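Visitor: Could you walk me through this model, starting with the terms you use?

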Amino acid sequence: MTTAEFFEHTAPVADEIVDEIVSDETEVPVDEASALGPARHIDMTVIAQDPTVKDEKGRILRAKVRVAADRFLPPLQTHRFHVVSFDPEKGAPGPELKLVDDTGRFRDRFAGSSDRVLLRQHDFHAQNVLAIASRTLSAFEAALGRRVPWDFESHQLYLVPHGEVRANAYYSSAKRALIFGYAENKDGDKIYSCLSHDVIAHETTHALLAGLRPGYFTPGLPDQGGFHEGFADVVALLSVFAVPALVEQALGAIDRRGVVTRRDVTRAKLRRSVLLQLAEQFGEVVHGRRGRPLRESLEMKPGGWWRTNPRFRQVHNRGEVLVAAVGNALLDMWLGRLDELLKTGSASRRLAAEEGAKAAEHLLTMVIRAIDYCPPLEFEYEDFLDAIIWSDEQLSPDDDHGYRKSVRDAFAVYDIGRPPQQIVEVSKLPVRPNYERFNFAAMRSDRDEVFRFVWENDELLGISLQFQTGVESIRPSIRVGPDGFVVQETVVTYVQQLDATVAELAELSQDPDHRYRGSSDVLEVPAGFDQELRLGIYGGGAIIFDQFGRPKLHQHKPLLDWKRQSARLAFLAEKTEPSATGSIGTQRYARGEPFAALHRPDPFQDERW
Ligand SMILES: [Zn+2]
(Lines give C-alpha, C1' and ligand atoms only; values in the text may rest on other atoms or scores of the structure.)
Protein backbone atom coordinates (compact mmCIF):
# COMPACT_ATOMS: atom_id res chain seq x y z
CA MET A 1 0.00 0.00 0.00
CA THR A 2 1.39 3.39 -0.94
CA THR A 3 0.86 6.64 0.91
CA ALA A 4 -1.60 7.71 -1.75
CA GLU A 5 -3.64 4.54 -1.39
CA PHE A 6 -3.55 4.99 2.33
CA PHE A 7 -5.61 8.12 2.03
CA GLU A 8 -7.54 7.09 -1.06
CA HIS A 9 -6.81 10.61 -2.21
CA THR A 10 -4.59 11.79 -4.98
CA ALA A 11 -4.92 15.51 -4.33
CA PRO A 12 -1.62 17.41 -4.60
CA VAL A 13 -0.05 18.92 -1.53
CA ALA A 14 -1.91 22.11 -0.67
CA ASP A 15 0.52 24.87 -1.58
CA GLU A 16 -0.98 27.50 0.70
CA ILE A 17 0.50 25.73 3.72
CA VAL A 18 3.70 27.61 4.39
CA ASP A 19 6.44 25.79 6.21
CA GLU A 20 7.58 27.67 9.28
CA ILE A 21 11.15 28.86 9.56
CA VAL A 22 12.92 26.95 12.28
CA SER A 23 15.92 27.96 14.27
CA ASP A 24 19.18 26.27 15.15
CA GLU A 25 19.57 23.47 12.67
CA THR A 26 21.63 20.66 14.09
CA GLU A 27 22.67 18.02 11.65
CA VAL A 28 23.03 14.52 12.98
CA PRO A 29 24.91 12.27 10.58
CA VAL A 30 23.55 8.74 10.45
CA ASP A 31 26.33 7.20 8.48
CA GLU A 32 29.31 8.54 10.34
CA ALA A 33 31.65 5.58 10.25
CA SER A 34 34.20 4.95 12.97
CA ALA A 35 36.62 2.16 13.82
CA LEU A 36 33.64 0.40 15.40
CA GLY A 37 31.61 0.56 12.20
CA PRO A 38 28.62 2.71 11.37
CA ALA A 39 26.73 4.46 14.14
CA ARG A 40 24.03 2.29 15.72
CA HIS A 41 21.99 5.17 17.05
CA ILE A 42 21.14 8.75 16.33
CA ASP A 43 19.78 11.30 18.77
CA MET A 44 16.43 12.94 18.18
CA THR A 45 14.90 15.84 20.08
CA VAL A 46 11.48 15.04 21.53
CA ILE A 47 9.07 16.59 24.01
CA ALA A 48 9.99 14.74 27.20
CA GLN A 49 6.40 14.01 28.29
CA ASP A 50 3.90 16.47 26.83
CA PRO A 51 3.74 20.25 26.32
CA THR A 52 2.28 20.82 29.81
CA VAL A 53 5.50 19.64 31.47
CA LYS A 54 7.83 22.64 31.69
CA ASP A 55 11.43 23.13 32.79
CA GLU A 56 12.57 25.61 35.45
CA LYS A 57 12.47 28.46 32.93
CA GLY A 58 8.88 27.66 32.03
CA ARG A 59 9.76 26.17 28.64
CA ILE A 60 8.47 22.84 27.40
CA LEU A 61 10.76 20.16 28.81
CA ARG A 62 12.67 18.48 25.98
CA ALA A 63 14.82 15.39 25.86
CA LYS A 64 17.18 13.77 23.41
CA VAL A 65 16.35 10.14 22.87
CA ARG A 66 18.41 7.49 21.14
CA VAL A 67 16.79 6.06 18.07
CA ALA A 68 18.12 3.05 16.15
CA ALA A 69 20.04 4.23 13.10
CA ASP A 70 18.38 3.27 9.85
CA ARG A 71 18.31 4.14 6.20
CA PHE A 72 15.87 7.02 5.92
CA LEU A 73 13.79 7.55 2.82
CA PRO A 74 12.07 10.88 2.21
CA PRO A 75 9.67 12.20 3.21
CA LEU A 76 10.07 10.13 6.39
CA GLN A 77 10.39 6.36 6.28
CA THR A 78 12.52 3.75 7.98
CA HIS A 79 12.32 0.03 7.30
CA ARG A 80 9.67 -0.35 10.06
CA PHE A 81 7.84 2.99 10.02
CA HIS A 82 6.29 5.29 7.45
CA VAL A 83 5.25 8.71 8.73
CA VAL A 84 2.33 10.13 6.79
CA SER A 85 1.53 13.84 6.61
CA PHE A 86 -2.21 14.28 6.46
CA ASP A 87 -4.67 17.12 6.86
CA PRO A 88 -7.85 15.65 8.35
CA GLU A 89 -9.75 18.90 7.98
CA LYS A 90 -9.27 18.86 4.21
CA GLY A 91 -9.14 15.08 3.91
CA ALA A 92 -5.99 15.51 1.83
CA PRO A 93 -2.24 15.07 2.22
CA GLY A 94 -0.71 17.56 4.64
CA PRO A 95 2.44 19.66 4.23
CA GLU A 96 5.44 17.86 2.79
CA LEU A 97 7.80 16.67 5.51
CA LYS A 98 11.39 17.87 5.26
CA LEU A 99 13.33 15.81 7.76
CA VAL A 100 15.39 13.72 5.37
CA ASP A 101 17.60 15.22 2.69
CA ASP A 102 18.21 13.83 -0.79
CA THR A 103 21.17 11.78 0.39
CA GLY A 104 19.04 9.94 2.98
CA ARG A 105 20.39 11.86 5.97
CA PHE A 106 18.03 12.56 8.80
CA ARG A 107 18.29 16.10 10.14
CA ASP A 108 17.20 16.97 13.67
CA ARG A 109 16.53 20.70 13.32
CA PHE A 110 14.75 21.12 16.63
CA ALA A 111 17.44 20.92 19.32
CA GLY A 112 17.23 24.67 19.98
CA SER A 113 13.79 25.50 18.67
CA SER A 114 11.28 27.65 20.53
CA ASP A 115 8.17 26.21 22.15
CA ARG A 116 6.10 27.82 19.44
CA VAL A 117 7.96 25.89 16.75
CA LEU A 118 7.59 22.60 18.61
CA LEU A 119 3.88 23.16 19.04
CA ARG A 120 3.17 24.22 15.47
CA GLN A 121 5.74 22.61 13.19
CA HIS A 122 4.43 19.51 11.45
CA ASP A 123 8.00 18.33 10.85
CA PHE A 124 8.58 18.30 14.58
CA HIS A 125 5.33 16.44 15.22
CA ALA A 126 6.48 13.79 12.74
CA GLN A 127 9.91 13.57 14.37
CA ASN A 128 8.38 13.29 17.85
CA VAL A 129 6.12 10.39 16.87
CA LEU A 130 8.81 8.58 14.90
CA ALA A 131 11.41 8.93 17.67
CA ILE A 132 9.18 7.60 20.44
CA ALA A 133 7.61 4.83 18.35
CA SER A 134 11.11 3.72 17.22
CA ARG A 135 12.37 3.83 20.76
CA THR A 136 9.48 1.62 21.89
CA LEU A 137 10.12 -0.88 19.09
CA SER A 138 13.83 -0.93 19.99
CA ALA A 139 12.99 -1.65 23.64
CA PHE A 140 10.97 -4.71 22.52
CA GLU A 141 13.65 -5.93 20.12
CA ALA A 142 16.43 -5.55 22.66
CA ALA A 143 14.45 -7.31 25.38
CA LEU A 144 13.26 -10.18 23.18
CA GLY A 145 16.52 -10.61 21.29
CA ARG A 146 15.03 -10.56 17.80
CA ARG A 147 13.04 -8.49 15.34
CA VAL A 148 9.42 -8.11 16.42
CA PRO A 149 6.73 -8.31 13.71
CA TRP A 150 3.55 -6.28 13.43
CA ASP A 151 0.27 -8.18 13.33
CA PHE A 152 -0.27 -7.54 9.61
CA GLU A 153 1.48 -8.55 6.41
CA SER A 154 3.74 -5.55 6.01
CA HIS A 155 7.05 -4.48 7.46
CA GLN A 156 6.10 -0.85 7.98
CA LEU A 157 3.64 0.66 10.41
CA TYR A 158 2.09 3.95 9.29
CA LEU A 159 2.37 6.77 11.81
CA VAL A 160 -0.17 9.51 11.22
CA PRO A 161 0.54 12.44 13.57
CA HIS A 162 -2.58 14.32 12.45
CA GLY A 163 -5.00 11.53 11.64
CA GLU A 164 -8.29 12.99 12.78
CA VAL A 165 -9.90 15.97 14.48
CA ARG A 166 -10.82 14.24 17.69
CA ALA A 167 -9.27 13.89 21.12
CA ASN A 168 -8.16 10.34 20.55
CA ALA A 169 -5.31 8.12 19.47
CA TYR A 170 -5.50 4.49 18.48
CA TYR A 171 -3.88 1.56 16.74
CA SER A 172 -5.68 0.27 13.67
CA SER A 173 -4.58 -3.11 12.38
CA ALA A 174 -6.77 -2.70 9.27
CA LYS A 175 -5.10 0.61 8.39
CA ARG A 176 -1.73 -0.71 9.61
CA ALA A 177 -1.42 2.58 11.40
CA LEU A 178 -1.20 4.52 14.61
CA ILE A 179 -3.68 7.34 14.23
CA PHE A 180 -3.18 10.42 16.40
CA GLY A 181 -5.94 12.98 16.74
CA TYR A 182 -6.05 16.59 17.88
CA ALA A 183 -8.71 18.89 19.22
CA GLU A 184 -9.07 22.45 20.40
CA ASN A 185 -9.21 23.29 24.08
CA LYS A 186 -11.53 25.94 25.47
CA ASP A 187 -8.96 28.67 24.70
CA GLY A 188 -8.91 27.64 21.05
CA ASP A 189 -5.42 26.09 21.25
CA LYS A 190 -4.87 22.85 19.41
CA ILE A 191 -3.91 19.97 21.68
CA TYR A 192 -2.07 17.23 19.78
CA SER A 193 -1.97 13.65 21.01
CA CYS A 194 1.16 13.16 18.83
CA LEU A 195 3.07 15.36 21.29
CA SER A 196 2.40 13.10 24.30
CA HIS A 197 5.17 10.62 24.96
CA ASP A 198 2.94 8.30 26.97
CA VAL A 199 0.23 8.19 24.29
CA ILE A 200 2.74 7.30 21.54
CA ALA A 201 4.41 4.61 23.66
CA HIS A 202 0.99 3.23 24.69
CA GLU A 203 -0.31 2.94 21.12
CA THR A 204 2.95 1.48 19.78
CA THR A 205 2.74 -1.16 22.50
CA HIS A 206 -0.75 -2.16 21.33
CA ALA A 207 0.66 -2.69 17.83
CA LEU A 208 3.60 -4.74 19.14
CA LEU A 209 1.60 -6.87 21.57
CA ALA A 210 -0.98 -7.56 18.83
CA GLY A 211 1.84 -9.06 16.75
CA LEU A 212 3.36 -11.02 19.62
CA ARG A 213 0.14 -12.39 21.12
CA PRO A 214 -2.67 -12.30 18.52
CA GLY A 215 -4.67 -14.75 20.66
CA TYR A 216 -5.30 -12.03 23.25
CA PHE A 217 -8.10 -10.69 21.05
CA THR A 218 -10.03 -13.91 21.50
CA PRO A 219 -12.68 -13.49 24.19
CA GLY A 220 -11.00 -14.88 27.27
CA LEU A 221 -10.71 -14.45 31.00
CA PRO A 222 -11.14 -10.91 32.34
CA ASP A 223 -7.39 -10.45 32.86
CA GLN A 224 -6.72 -11.06 29.17
CA GLY A 225 -8.68 -8.02 28.00
CA GLY A 226 -7.24 -5.95 30.82
CA PHE A 227 -3.71 -6.95 29.91
CA HIS A 228 -3.61 -5.11 26.57
CA GLU A 229 -4.53 -1.85 28.27
CA GLY A 230 -2.55 -2.43 31.45
CA PHE A 231 0.58 -3.52 29.61
CA ALA A 232 0.38 -0.55 27.22
CA ASP A 233 0.15 1.75 30.25
CA VAL A 234 3.02 -0.04 31.99
CA VAL A 235 5.30 0.34 28.94
CA ALA A 236 4.28 4.01 28.65
CA LEU A 237 4.97 4.66 32.33
CA LEU A 238 8.39 2.98 32.28
CA SER A 239 9.29 4.55 28.93
CA VAL A 240 8.62 8.04 30.27
CA PHE A 241 10.35 7.24 33.55
CA ALA A 242 13.43 6.11 31.63
CA VAL A 243 13.99 9.73 30.50
CA PRO A 244 16.34 11.11 33.21
CA ALA A 245 15.37 14.75 32.51
CA LEU A 246 11.78 14.05 33.52
CA VAL A 247 12.68 12.25 36.72
CA GLU A 248 15.13 15.01 37.59
CA GLN A 249 12.52 17.65 36.98
CA ALA A 250 10.03 15.80 39.19
CA LEU A 251 12.69 15.32 41.88
CA GLY A 252 13.15 19.08 41.86
CA ALA A 253 10.09 19.38 44.01
CA ILE A 254 11.95 17.53 46.75
CA ASP A 255 15.05 19.68 46.87
CA ARG A 256 15.66 22.85 44.91
CA ARG A 257 19.35 22.97 45.80
CA GLY A 258 20.06 20.07 43.50
CA VAL A 259 21.25 17.79 46.30
CA VAL A 260 19.45 14.70 47.50
CA THR A 261 19.96 13.20 50.95
CA ARG A 262 18.65 10.03 52.52
CA ARG A 263 15.88 11.93 54.25
CA ASP A 264 14.58 13.20 50.90
CA VAL A 265 14.14 9.83 49.32
CA THR A 266 11.73 7.93 51.48
CA ARG A 267 9.27 5.68 49.71
CA ALA A 268 6.38 8.01 50.57
CA LYS A 269 8.17 11.09 49.20
CA LEU A 270 9.29 9.50 45.95
CA ARG A 271 5.86 8.09 45.47
CA ARG A 272 4.07 11.37 46.04
CA SER A 273 6.51 13.79 44.43
CA VAL A 274 7.79 11.79 41.50
CA LEU A 275 5.77 8.73 40.54
CA LEU A 276 2.33 10.20 41.15
CA GLN A 277 3.32 13.58 39.75
CA LEU A 278 4.50 12.01 36.50
CA ALA A 279 1.43 9.79 36.29
CA GLU A 280 -0.82 12.80 36.84
CA GLN A 281 0.30 14.16 33.49
CA PHE A 282 -0.44 10.92 31.71
CA GLY A 283 -3.18 10.39 29.25
CA GLU A 284 -4.47 13.95 29.25
CA VAL A 285 -5.56 13.17 25.73
CA VAL A 286 -6.69 9.57 25.90
CA HIS A 287 -7.07 8.44 29.47
CA GLY A 288 -8.32 11.74 30.83
CA ARG A 289 -11.35 11.35 28.67
CA ARG A 290 -12.30 8.18 30.39
CA GLY A 291 -12.24 10.14 33.59
CA ARG A 292 -9.43 8.37 35.39
CA PRO A 293 -5.84 9.51 35.04
CA LEU A 294 -3.09 6.96 35.50
CA ARG A 295 -2.40 8.44 38.90
CA GLU A 296 -5.52 6.81 40.27
CA SER A 297 -4.34 3.40 39.08
CA LEU A 298 -1.17 3.84 41.09
CA GLU A 299 -3.18 4.69 44.18
CA MET A 300 -5.24 1.51 44.12
CA LYS A 301 -6.01 0.07 47.54
CA PRO A 302 -4.00 -3.08 48.32
CA GLY A 303 -5.63 -6.50 48.38
CA GLY A 304 -7.45 -8.88 46.07
CA TRP A 305 -10.78 -7.02 46.37
CA TRP A 306 -10.66 -5.99 42.71
CA ARG A 307 -11.28 -9.56 41.52
CA THR A 308 -14.90 -9.50 42.62
CA ASN A 309 -15.53 -5.78 42.09
CA PRO A 310 -17.89 -5.26 39.10
CA ARG A 311 -15.95 -2.17 37.98
CA PHE A 312 -12.87 -4.33 37.50
CA ARG A 313 -14.69 -6.68 35.12
CA GLN A 314 -14.21 -3.90 32.51
CA VAL A 315 -10.97 -4.18 30.55
CA HIS A 316 -9.72 -0.63 31.05
CA ASN A 317 -10.22 -0.77 34.79
CA ARG A 318 -8.82 -4.27 35.00
CA GLY A 319 -5.57 -2.99 33.48
CA GLU A 320 -5.09 -0.61 36.40
CA VAL A 321 -4.12 -3.51 38.66
CA LEU A 322 -1.07 -4.18 36.53
CA VAL A 323 -0.04 -0.52 36.54
CA ALA A 324 -0.36 -0.39 40.32
CA ALA A 325 1.80 -3.49 40.81
CA VAL A 326 4.51 -2.43 38.36
CA GLY A 327 4.57 1.12 39.78
CA ASN A 328 5.29 -0.30 43.23
CA ALA A 329 8.02 -2.56 41.87
CA LEU A 330 9.64 0.44 40.17
CA LEU A 331 9.71 2.42 43.42
CA ASP A 332 11.25 -0.51 45.24
CA MET A 333 13.97 -0.99 42.63
CA TRP A 334 14.76 2.72 42.56
CA LEU A 335 14.97 2.89 46.35
CA GLY A 336 17.37 -0.06 46.29
CA ARG A 337 19.62 1.74 43.82
CA LEU A 338 19.44 5.00 45.81
CA ASP A 339 20.47 3.13 48.92
CA GLU A 340 23.76 2.29 47.21
CA LEU A 341 24.19 5.80 45.84
CA LEU A 342 23.54 7.53 49.16
CA LYS A 343 25.91 5.41 51.21
CA THR A 344 28.04 8.51 51.69
CA GLY A 345 25.07 10.65 52.75
CA SER A 346 24.08 12.71 49.71
CA ALA A 347 24.28 12.84 45.94
CA SER A 348 23.32 15.20 43.15
CA ARG A 349 19.74 15.29 42.02
CA ARG A 350 20.87 14.34 38.53
CA LEU A 351 22.51 11.13 39.73
CA ALA A 352 19.48 10.23 41.83
CA ALA A 353 17.28 10.78 38.77
CA GLU A 354 19.55 8.65 36.60
CA GLU A 355 19.18 5.79 39.08
CA GLY A 356 15.40 6.08 38.70
CA ALA A 357 15.67 6.08 34.92
CA LYS A 358 17.97 3.04 35.02
CA ALA A 359 15.56 1.17 37.29
CA ALA A 360 12.73 1.97 34.87
CA GLU A 361 14.74 0.81 31.88
CA HIS A 362 15.66 -2.44 33.61
CA LEU A 363 12.09 -3.12 34.68
CA LEU A 364 10.87 -2.31 31.17
CA THR A 365 13.22 -4.96 29.79
CA MET A 366 12.00 -7.48 32.38
CA VAL A 367 8.30 -6.97 31.61
CA ILE A 368 8.76 -7.08 27.83
CA ARG A 369 10.97 -10.16 27.99
CA ALA A 370 8.21 -11.88 29.95
CA ILE A 371 5.86 -11.79 26.95
CA ASP A 372 7.70 -14.75 25.38
CA TYR A 373 6.96 -16.81 28.49
CA CYS A 374 3.27 -15.88 28.60
CA PRO A 375 0.66 -18.29 27.20
CA PRO A 376 -0.64 -17.54 23.67
CA LEU A 377 -4.17 -17.19 25.08
CA GLU A 378 -6.17 -17.87 28.28
CA PHE A 379 -3.95 -15.28 29.93
CA GLU A 380 -4.19 -14.44 33.64
CA TYR A 381 -2.13 -11.93 35.65
CA GLU A 382 -0.47 -14.74 37.59
CA ASP A 383 1.02 -15.93 34.28
CA PHE A 384 2.61 -12.54 33.74
CA LEU A 385 4.25 -12.50 37.16
CA ASP A 386 5.45 -16.07 36.66
CA ALA A 387 6.78 -15.19 33.21
CA ILE A 388 8.71 -12.16 34.54
CA ILE A 389 10.41 -14.32 37.17
CA TRP A 390 11.17 -17.30 34.93
CA SER A 391 12.51 -15.26 32.03
CA ASP A 392 14.69 -13.17 34.33
CA GLU A 393 16.08 -16.30 35.98
CA GLN A 394 17.16 -17.64 32.59
CA LEU A 395 19.18 -14.53 31.81
CA SER A 396 20.50 -13.45 35.21
CA PRO A 397 20.36 -16.39 37.62
CA ASP A 398 21.92 -14.47 40.51
CA ASP A 399 19.53 -11.51 40.95
CA ASP A 400 22.18 -9.55 42.86
CA HIS A 401 19.95 -6.50 43.30
CA GLY A 402 16.87 -8.40 44.44
CA TYR A 403 14.79 -7.17 41.50
CA ARG A 404 12.78 -10.36 41.30
CA LYS A 405 11.87 -10.00 44.96
CA SER A 406 10.75 -6.41 44.30
CA VAL A 407 8.47 -7.63 41.52
CA ARG A 408 7.07 -10.55 43.54
CA ASP A 409 6.39 -8.31 46.56
CA ALA A 410 4.73 -5.63 44.44
CA PHE A 411 2.34 -8.12 42.84
CA ALA A 412 1.66 -9.77 46.21
CA VAL A 413 0.25 -6.42 47.43
CA TYR A 414 -2.61 -7.00 44.98
CA ASP A 415 -2.93 -10.68 45.83
CA ILE A 416 -1.24 -11.83 42.63
CA GLY A 417 1.08 -14.76 43.25
CA ARG A 418 2.89 -17.29 41.11
CA PRO A 419 0.60 -20.15 40.07
CA PRO A 420 1.99 -23.47 41.28
CA GLN A 421 3.32 -25.67 38.47
CA GLN A 422 1.96 -23.43 35.74
CA ILE A 423 5.32 -23.42 34.01
CA VAL A 424 6.76 -26.93 33.96
CA GLU A 425 10.52 -27.41 33.95
CA VAL A 426 10.60 -30.02 31.22
CA SER A 427 14.34 -30.53 31.60
CA LYS A 428 13.83 -31.68 35.22
CA LEU A 429 11.05 -34.20 34.56
CA PRO A 430 11.92 -37.87 35.24
CA VAL A 431 10.84 -38.81 31.70
CA ARG A 432 13.13 -37.71 28.87
CA PRO A 433 11.63 -36.25 25.69
CA ASN A 434 11.61 -38.43 22.62
CA TYR A 435 13.92 -36.96 19.96
CA GLU A 436 13.58 -39.77 17.43
CA ARG A 437 13.16 -38.63 13.83
CA PHE A 438 13.56 -35.07 15.05
CA ASN A 439 15.62 -32.46 13.20
CA PHE A 440 17.06 -29.78 15.51
CA ALA A 441 17.99 -27.42 12.70
CA ALA A 442 14.49 -27.50 11.19
CA MET A 443 12.93 -26.93 14.59
CA ARG A 444 14.14 -23.33 14.64
CA SER A 445 12.01 -22.39 11.65
CA ASP A 446 9.62 -25.16 10.64
CA ARG A 447 6.19 -25.37 12.28
CA ASP A 448 5.64 -28.93 11.03
CA GLU A 449 8.90 -30.04 12.63
CA VAL A 450 7.87 -28.51 15.96
CA PHE A 451 4.46 -30.13 15.65
CA ARG A 452 6.23 -33.45 15.17
CA PHE A 453 8.01 -32.88 18.48
CA VAL A 454 4.66 -32.16 20.17
CA TRP A 455 3.15 -35.22 18.48
CA GLU A 456 5.90 -37.51 19.78
CA ASN A 457 5.87 -36.02 23.28
CA ASP A 458 2.18 -35.37 23.99
CA GLU A 459 2.21 -37.25 27.28
CA LEU A 460 5.32 -35.55 28.55
CA LEU A 461 3.79 -32.17 27.69
CA GLY A 462 0.32 -33.11 28.97
CA ILE A 463 -1.39 -32.27 25.67
CA SER A 464 -4.42 -34.23 24.35
CA LEU A 465 -3.85 -34.60 20.62
CA GLN A 466 -7.44 -35.74 20.02
CA PHE A 467 -8.40 -32.04 19.93
CA GLN A 468 -7.47 -29.57 17.22
CA THR A 469 -3.86 -28.55 17.86
CA GLY A 470 -1.67 -26.19 15.88
CA VAL A 471 1.77 -24.62 16.24
CA GLU A 472 1.14 -20.88 16.11
CA SER A 473 4.64 -19.40 16.02
CA ILE A 474 8.36 -20.18 16.28
CA ARG A 475 10.62 -17.37 17.42
CA PRO A 476 14.37 -17.72 17.90
CA SER A 477 15.84 -15.31 20.41
CA ILE A 478 19.42 -14.32 21.22
CA ARG A 479 20.13 -12.22 24.30
CA VAL A 480 23.18 -11.27 26.28
CA GLY A 481 23.06 -11.79 30.04
CA PRO A 482 24.65 -9.44 32.59
CA ASP A 483 27.73 -11.70 32.67
CA GLY A 484 28.25 -11.08 28.96
CA PHE A 485 27.29 -14.61 27.90
CA VAL A 486 24.79 -15.26 25.18
CA VAL A 487 21.50 -16.97 26.00
CA GLN A 488 19.95 -18.54 22.94
CA GLU A 489 16.38 -19.81 22.98
CA THR A 490 13.61 -20.76 20.61
CA VAL A 491 10.12 -19.88 21.77
CA VAL A 492 7.29 -21.93 20.32
CA THR A 493 3.59 -21.30 20.89
CA TYR A 494 0.79 -23.74 20.12
CA VAL A 495 -2.99 -23.44 20.40
CA GLN A 496 -5.74 -26.00 21.01
CA GLN A 497 -9.40 -25.44 20.28
CA LEU A 498 -12.71 -27.22 20.72
CA ASP A 499 -16.14 -26.02 19.57
CA ALA A 500 -19.28 -27.65 20.96
CA THR A 501 -22.53 -26.76 22.69
CA VAL A 502 -22.26 -25.86 26.36
CA ALA A 503 -24.27 -29.01 27.19
CA GLU A 504 -21.82 -31.20 25.24
CA LEU A 505 -18.83 -29.61 26.94
CA ALA A 506 -20.41 -30.05 30.37
CA GLU A 507 -20.99 -33.72 29.58
CA LEU A 508 -17.43 -34.14 28.30
CA SER A 509 -16.09 -32.73 31.57
CA GLN A 510 -17.95 -35.43 33.52
CA ASP A 511 -15.61 -38.03 32.03
CA PRO A 512 -12.43 -38.32 34.16
CA ASP A 513 -10.49 -39.20 30.98
CA HIS A 514 -11.30 -35.74 29.69
CA ARG A 515 -9.93 -33.79 32.60
CA TYR A 516 -6.43 -32.45 32.95
CA ARG A 517 -4.19 -34.83 34.93
CA GLY A 518 -6.70 -36.41 37.31
CA SER A 519 -8.48 -33.21 38.33
CA SER A 520 -12.00 -33.53 39.75
CA ASP A 521 -13.21 -30.20 38.29
CA VAL A 522 -16.11 -30.20 35.85
CA LEU A 523 -17.51 -27.41 33.66
CA GLU A 524 -19.83 -25.32 35.80
CA VAL A 525 -22.60 -23.71 33.79
CA PRO A 526 -24.06 -20.46 35.20
CA ALA A 527 -27.66 -20.89 36.37
CA GLY A 528 -30.19 -20.27 33.62
CA PHE A 529 -27.55 -20.13 30.87
CA ASP A 530 -28.69 -21.45 27.48
CA GLN A 531 -26.84 -24.76 27.18
CA GLU A 532 -27.59 -25.05 23.48
CA LEU A 533 -25.30 -22.11 22.69
CA ARG A 534 -22.07 -23.19 21.06
CA LEU A 535 -18.93 -22.29 22.96
CA GLY A 536 -15.36 -22.20 21.68
CA ILE A 537 -12.87 -23.25 24.34
CA TYR A 538 -9.11 -22.88 24.08
CA GLY A 539 -5.91 -24.18 25.51
CA GLY A 540 -2.31 -23.84 24.48
CA GLY A 541 1.11 -22.99 25.66
CA ALA A 542 4.61 -21.73 25.09
CA ILE A 543 7.55 -24.14 24.97
CA ILE A 544 11.02 -22.68 25.46
CA PHE A 545 13.80 -24.67 23.77
CA ASP A 546 17.48 -24.15 24.62
CA GLN A 547 20.29 -23.72 22.08
CA PHE A 548 20.58 -27.50 21.64
CA GLY A 549 16.90 -27.87 20.75
CA ARG A 550 16.01 -29.34 24.15
CA PRO A 551 12.78 -28.16 25.77
CA LYS A 552 13.51 -26.25 28.99
CA LEU A 553 10.18 -24.84 30.06
CA HIS A 554 6.55 -25.35 29.18
CA GLN A 555 4.00 -22.65 30.01
CA HIS A 556 0.79 -24.62 29.74
CA LYS A 557 -2.89 -23.67 29.73
CA PRO A 558 -4.55 -27.08 29.39
CA LEU A 559 -7.62 -27.23 27.17
CA LEU A 560 -9.31 -29.58 29.64
CA ASP A 561 -8.73 -27.47 32.76
CA TRP A 562 -12.44 -27.20 33.58
CA LYS A 563 -11.91 -24.89 36.53
CA ARG A 564 -10.41 -22.26 34.24
CA GLN A 565 -12.99 -22.96 31.53
CA SER A 566 -15.76 -22.46 34.14
CA ALA A 567 -14.32 -19.07 35.16
CA ARG A 568 -14.15 -18.04 31.51
CA LEU A 569 -17.70 -19.20 30.81
CA ALA A 570 -18.95 -17.26 33.84
CA PHE A 571 -17.25 -14.12 32.49
CA LEU A 572 -18.55 -14.66 28.93
CA ALA A 573 -22.05 -15.30 30.32
CA GLU A 574 -22.02 -11.85 31.96
CA LYS A 575 -21.55 -10.32 28.53
CA THR A 576 -24.00 -12.54 26.64
CA GLU A 577 -27.50 -11.22 25.97
CA PRO A 578 -30.24 -13.65 27.10
CA SER A 579 -31.55 -13.64 23.52
CA ALA A 580 -28.17 -14.68 22.04
CA THR A 581 -28.07 -17.57 19.57
CA GLY A 582 -25.26 -19.35 17.74
CA SER A 583 -21.69 -19.29 19.11
CA ILE A 584 -19.95 -17.41 21.85
CA GLY A 585 -16.32 -17.19 22.85
CA THR A 586 -14.86 -17.56 19.37
CA GLN A 587 -15.37 -14.26 17.63
CA ARG A 588 -12.49 -11.85 17.59
CA TYR A 589 -13.02 -8.15 17.92
CA ALA A 590 -14.17 -6.68 14.62
CA ARG A 591 -10.95 -7.03 12.69
CA GLY A 592 -9.06 -3.84 12.37
CA GLU A 593 -9.94 -1.35 15.01
CA PRO A 594 -10.32 -2.92 18.43
CA PHE A 595 -8.44 -0.05 20.03
CA ALA A 596 -10.44 2.69 18.37
CA ALA A 597 -13.45 1.33 20.22
CA LEU A 598 -11.52 1.05 23.46
CA HIS A 599 -10.26 4.60 23.32
CA ARG A 600 -13.16 6.39 21.75
CA PRO A 601 -14.16 9.19 24.08
CA ASP A 602 -17.61 8.94 25.48
CA PRO A 603 -19.66 11.48 23.49
CA PHE A 604 -21.89 12.06 26.49
CA GLN A 605 -19.03 12.85 28.79
CA ASP A 606 -18.20 16.49 29.51
CA GLU A 607 -15.20 17.80 27.67
CA ARG A 608 -12.17 17.94 29.88
CA TRP A 609 -10.51 20.56 27.76
ZN1 LIG B 1 -4.97 1.41 24.88
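Guide: Gladly! Helices are DSSP runs of H or I with at least four residues, strands are E runs of at least two, and both are numbered from the N terminus. This is a predicted model, where local features need pLDDT of at least 70, side-chain atom pairs count only at pLDDT 80 or more, and totals for chains, interfaces and linings use all residues. Residues are numbered from 1 along each chain as its sequence is written, and side-chain values use heavy atoms, leaving out hydrogens and water.

Visitor: Which helix holds Glu 504?

Guide: The helix in question spans residues 502-510. Glu 504 therefore has its place in helix H16.

Visitor: Is Glu 504 buried, partly exposed or exposed?

Guide: Buried means under 20% relative accessible area, exposed over 50%, and partly exposed in between (1.4 Å probe, protein chains only). Glu 504 has 43% relative accessibility, so Glu 504 counts as partly exposed.

Visitor: How many aromatic pairs does the structure hold?

Guide: Rings of Phe, Tyr and Trp (its six-membered ring) pair if their centres lie within 6.5 Å; planes under 30 degrees apart count as stacked, over 60 as edge-to-face and the rest as tilted. By that rule, the number of aromatic pairs is 20.

Visitor: What kind of pair do Tyr 216 and Phe 379 form?

Guide: Their centres are 5.3 Å apart, with 50° between the planes.

Visitor: How many residues apart are Tyr 216 and Phe 379?

Guide: Tyr 216 sits in the loop between helix H4 and helix H5, and Phe 379 in the loop between helix H10 and helix H11. The pair links distant parts of the chain, 163 residues apart.
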